[in-house]
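Here is a short report for a reader who is meeting this structure for the first time. Please keep the sequence and the model in view while reading.

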Amino acid sequence: MQVVKDSSAIRVGNGESGAAAAQMATIYEKISRFISGNAVVVFTISGCCMCHVVKQLLFGLGVGPTVVELDHDAFGRYIHDFLFQLVADSKKQPVPAVFVGGKFLGGIEAVMACHINGTLVPLLKDAGALWL
């Protein structure tokens, strides 16, 4: 497992203020590059029980995900805002947010559904997160 405390790989701009739309586009580009460079990425908040469940499930399967704790990250607020837009449902919490093979899998419900119906392990194998 790799825990990213300060996601320097997801730096958002160069400190200059700009339009919110341009900033979100920059965030999207940085996050896209970051998640495509890792087999499994989980965006979490420390102390979140659902985040813990997702991480434990992945660990139990033998996956070492890259974990970004948004509340301990300098740019966590911006990433959290991006995840809210990605979920596109104001009633749902955007964390945990799980990306497998550079694609958004979903939150706890999607991960558990994939695990129960038997599609999670093949997804992880295709992404290179599992070798068995």
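L123 is partly exposed, with a relative accessible area of 35%. Here, buried means under 20% relative accessible area, exposed over 50%, and partly exposed in between, using a 1.4 Å probe and protein chains only. This is a predicted model: local features need pLDDT of at least 70, side-chain atom pairs count only at pLDDT 80 or more, and totals for chains, interfaces and linings use all residues. Residues are numbered from 1 along each chain as its sequence is written, and side-chain values use heavy atoms, with hydrogens and water left out.

L123 sits in helix α5. Helices (H or I, at least four residues) and strands (E, at least two) are DSSP runs, numbered from the N terminus. Which residues does L123 touch, leaving aside its neighbours within four places in sequence? They are V100, L105 and C114. Contact means heavy atoms within 4.5 Å. L123 and L105 are 18 residues apart along the chain, and their C-alpha atoms are separated by 9.6 Å.

## The hairpin

Strand β4 covers residues 97–100 and strand β5 covers residues 103–106. The two pair in the antiparallel sense over 3 bridges; pairing requires that DSSP finds at least two bridges between strands. V100 lies opposite K103 in β5. Between β4 and β5 there are 2 residues, and the strands form a hairpin. In its turn, G101 has a positive phi of about 60°.

## Helix α4

Helix α4 spans residues 108–117, and its buried residues are I108, V111 and C114. They cover an arc of only 140° around the axis, which puts them on the same side of α4. The arc is that of the directions from the helix axis to the C-beta atoms. An α-helix has 3.6 residues a turn, so residues three or four places apart point the same way. On the other side of α4, E109, I116 and N117 are exposed. The cover over the buried residues of α4 includes α2 (49–61), β4, β5 and α5 (120–127). Just after α4, G118 takes a positive phi of about 85°.

## Cysteines

| Residue | Relative accessible area | State |
|---|---|---|
| C49 | 51% | exposed |
| C114 | 13% | buried |

How many disulfides does a search of the whole structure find? The search finds 0. A disulfide is a pair of cysteine sulfur atoms within 2.5 Å. For C49, the closest cysteine sulfur is in C48, 5.6 Å away, which is too far for a bond.
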